[in-house]
Amino acid sequence: MSRGDSAVGGVTVDVTLSPNAVLPGFAKRPEAMTEASCCGGGFPRCARAAAAAAWAFASEDAGRVAFALKAGLAMLLASLLVLVGEPFRLFGTNIIWSILTVGIMFEYTVGASFNRGFNRAVGSMVAGVVAIAVIWISLRCGSVAEPYVIGLSIFLVGAVTSFVKQLPALAPYEYGFRVILFTYCLIMVSVYRVGEPVAAGLDRLYAIAIGAVLALLVNVLIFPAWAGEQLHRELVASFAAVADSLHDCVRSYLSGDETAVDGGEPAIEKCRAILNASARIESLARSARWEPPHGRFRSFSFPWSHYARVGAVLRHCAYEVVAMHGCLHSEIQAPDGVREAFRAEIEDATAQAAELVRVLGGDVDGMTRSAERLSLLKSVHGSAYRLQLALELNSHLLVSSGSVAEEITSGGGLERSCSRLRESARRQRLSWPSREADELEEAEAGGGYAAMMVRVRALESTAALSLATFASLLLEFVARLDHLVDAVDELSKLAKFREESDSIKLAT
C-alpha cells in the first residue's frame with residue numbers, strides 16, 4: 001500500500017495493488033491459491049478446499065493412488081515380520097531393519113526401485129563387510145584399543161565416502177555412498193556392546209535383504225509403474241504440445257487475438273512445462289535402464305538414453321516457440337498491413353512444420369519408421385525458402401525508405417504518417433508508442449510537423465521490424481527440425497522400430 005498526502009487541501013491518495021496487478025497474464029497466480037480464498041472461511045472451508053485439491057490431484061493420475069496403496073502394503077508386510085513371532089525370534093530386533101529398507105527403497109516406478117535397491121544392496125554389503133572386518137580387528141586389539149579403533153574407522157569411512165560421492169563420475173551412485181556411511185556407523189555403534197557382534201551384523205544384512213525383496217516384489221507384481229512407459233508417453237505428449245503451441249502462437253500473432261496476450265492458451269503452458277521437464281526426463285531415462293523387458297520394450301539394451309537426447313532436441317525447438325509467444329507480449333507490434341503481406345508464407349511454413357512435428361511424435365508413439373517424414377521435411381524446407389524469399393522481395397515494407405524532405409513535399413504525406421502512428425498506438429493491444437503519439441497530437445495542434453518526422457519514421461520502422469523478428473524465430477524453429485529428424489531417426493534405428501510397410505502388413 002502506498003500513501004501520498006498532497007500539499008494542497010490535505011487530500012490523501014490511497015492506492016492498493018494486489019500481488020497480481022503488476023504481473024503478466026501467464027505469471028499471475030490463481031485467486032484460488034491466495035491466502036484469503038483458502039483460509040478466509042475458517043477450518044471447515046480449508047478442510048473442504050484441501051479435500052477437493054487432494055481429489056483433483058489423485059484424479060489426474062490414478063497411479064498416484066496405486067503407489068500409495070502399494071507402499072502401505074509393503075510396509076504392512078515388513079511389519080508382519082516383527083509382529084509374527086517366528087521371524088522375530090529368529091532375527092530379534094534386527095528384523096526392524098527390513099522395515100527401514102522398505103521405506104527407503106520403495107519408489108514410484110519400478111526402475112527407480114531397482115536403482116535404489118542396487119545402491120542399497122551394494123552399500124549395505126560394502127558397509128557390512130567393512131564393519132565385520134573392523135570388528136574382527138578391534139577384537140584382536142584388546143578391550144583397551146577397541147573403542148579407539150572403532151572411532152578411527154568411523155571417521156575414515158565418513159571422510160572417504162563424503163569425498164568420493166562428490167566425484168562427477170560417481171554422482172549417480174551418491175545414494176549408495178550415503179548408505180555405506182550410515183549403515184556402517186549404525187552397525188559399529190550398535191554392536192559395540194553386543195556379545196556377538198559378527199552374528200548381529202550378519203542378521204542385519206539378512207534383514208536388509210528381506211526388506212529389499214519385499215519392496216521389489218510388491219512394486220513389480222502389483223500395478224507396476226514402469227519408468228520406460230512414462231518416459232515414452234511424456235515424450236510423445238511433448239511432440240504434440242510443441243506442434244499445438246506453434247500453431248496457436250502463429251494464429252494468435254496473425255489475427256491479433258488478445259486472449260493470447262493474457263496467456264490463456266493451455267498449449268503454450270504445456271510448452272513451458274517441457275522446458276522445465278529436463279531433470280524429470282533424465283531421471284526417467286536413468287530409471288528405465290534398470291527395468292526388465294516389459295510391454296513393447298522387450299530388450300535389455302533398449303536405448304533409453306536416446307529418448308533423453310530426443311527430448312533435449314525437442315526442448316530446443318520449444319525454446320523458439322516460447323520466444324515467438326513472447327512477441328505477442330511485446331510492446332512493439334507490427335502493423336496489420338505488414339502482417340497481411342506475409343500471412344500466406346508464415347501460415348504455410350507453420351502448417352508444414354507443425355505437421356512434421358506431429359508425424360515425428362506419431363512415429364515415436366507407434367514405434368514405426370515412416371517415409372513420410374522425409375517428404376514433409378522437404379516441404380518444410382520449401383516453405384521456409386518461400387518465406388525467406390518473401391522477406392527479401394518485400395523488405396521495403398520492413399524498413400522505411402525515403403527522406404524527410406520527400407515526405408514533407410508530398411501532399412498530406414506527413415499528416416498521413418502521423419495519423420497512422422496515432423491510430424496504431426491507440427489500439428488496445430498496442431501500447432507503444434503512446435507517449436510519442438501524444439507528442440504528435442501536440443505538434444499537430446501547433447503546426448510543427450517537420451521536427452517530429454524523423455521520430456515518426458523511426459517508430460514506424462521499428463514497429464514493422466518486429467515482424468522480421470517473429471519470422472526469424474519461425475525460420476530458426478524450422479532449422480532445428482533437421483536435428484529433431486536426425487535424433488528420431490537414430491532412435492528408431494537403435495530401438496529397431498518397425499518399418500511403416502511392416503506395420504501395414506500386420507494390420508491386414
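Which loop holds Lys496? Here are some notes that answer this and walk through the rest of the model.

1. **Lys496.** This residue sits in the loop that runs between α21 and β4 (498–499). As for cover, Lys496 is exposed, since its relative accessible area of 73% lies over the 50% cut-off. Please keep in mind that this is a predicted model, as are all the details below.

2. **Phe223.** Here is another backbone to look at in your viewer. Phe223 is not a glycine, yet its phi is positive, at about 40°. The residue belongs to the loop between α9 (197–221) and α10. Is Phe223 buried or exposed? With a relative accessible area of 65%, Phe223 counts as exposed.

3. **The whole chain.** Stepping back, the protein has 22 helices and four strands. It has 508 residues, and 39% of them count as buried. The accessible surface comes to about 26900 Å², with 63% of that belonging to carbon and sulfur atoms. Among the contacts with a separation of 6 or more, 77% are between residues 24 or more positions apart.

4. **The largest nonpolar core.** As background, nonpolar side chains tend to be buried together in soluble globular proteins. In this model the largest nonpolar core holds 71 residues. Which of them touch the most other members? They are Phe239, Leu246, Tyr307, Phe477, Leu481 and Leu484. Several helices each supply at least two residues of this core: α10 (227–255), α12 (266–275), α13 (278–288), α14 (304–328), α16 (343–366), α17 (372–393) and α21 (450–494). Of these, α21 gives the most, with 14 residues.

5. **Tyr307 and a second core.** Setting aside its neighbours within four places in sequence, Tyr307 is in contact with Leu231, His232, Leu235, Phe297, Phe302, Val364, Leu491 and Phe497. There is also a second, separate core of 29 residues, with Ile95, Phe106, Ile180 and Tyr184 among them.

6. **α2 against α3.** Two packed helices are described by the angle between their axes and the distance between the axes. For helix α2 (residues 42–60) and helix α3 (residues 62–83), the axes come within 4 Å and cross at roughly 100°. The two helices are therefore roughly perpendicular to each other, as the range for that label is 65 to 115 degrees. Phe57, Ala58 and Glu60 from α2 meet Ala62, Arg64 and Val65 from α3. By class, this contact of α2 with α3 divides into four nonpolar, no polar and two charged residues.

7. **α5 against α6.** How far apart are the axes of helix α5 (residues 96–105) and helix α6 (residues 110–141)? They lie 9 Å apart, and the helices pack at an angle of about 135°. That angle makes α5 oblique to α6. On the α5 side, the residues in the contact are Trp97, Thr101, Ile104 and Met105, and they meet Ser113, Arg116, Gly117 and Arg120 of α6. By class, the contact of α5 with α6 has three nonpolar, three polar and two charged residues.

8. **Arg204.** Helix α9 contains Arg204. Is Arg204 buried or exposed? The residue is buried, because its relative accessible area is 11%, under the 20% cut-off. Leaving aside neighbours within four places in sequence, its contacts are Asn94, Trp97, Leu186, Ile187 and Ser190. Arg204 and Asn94 are 110 residues apart along the chain, while their C-alpha atoms are separated by 5.3 Å.

9. **Glu146.** Another charged residue to check is Glu146, whose place is in helix α7 (residues 146–164). Glu146 is buried, with a relative accessible area of 15%. From Trp136, Glu146 is ten residues away in sequence and 9.9 Å away in space, C-alpha to C-alpha.

10. **Ala68.** Back in helix α3, we find Ala68. Its relative accessibility is 47%, so Ala68 counts as partly exposed. Ala68 and Tyr108 are 40 residues apart in sequence, and the distance between them in space is 8.8 Å, C-alpha to C-alpha.

Methods
Residues numbered from 1 in each chain as written. Predicted model: local features only at pLDDT ≥ 70, side-chain atom pairs only at ≥ 80, totals over all residues. Heavy atoms only, no water. Axes fitted to C-alpha atoms, helices over the stretch in contact; angles between N-to-C directions. Parallel < 35°, antiparallel > 145°, perpendicular 65-115°, else oblique. Contact = heavy atoms within 4.5 Å. Buried < 20%, exposed > 50% of the residue type's maximum accessible area, 1.4 Å probe, protein only. Areas by Shrake-Rupley, 256 points an atom, 1.4 Å probe, with all protein chains shown as cover. Core = buried A, V, L, I, M, F, W, Y, C linked by side-chain atoms within 4.5 Å.
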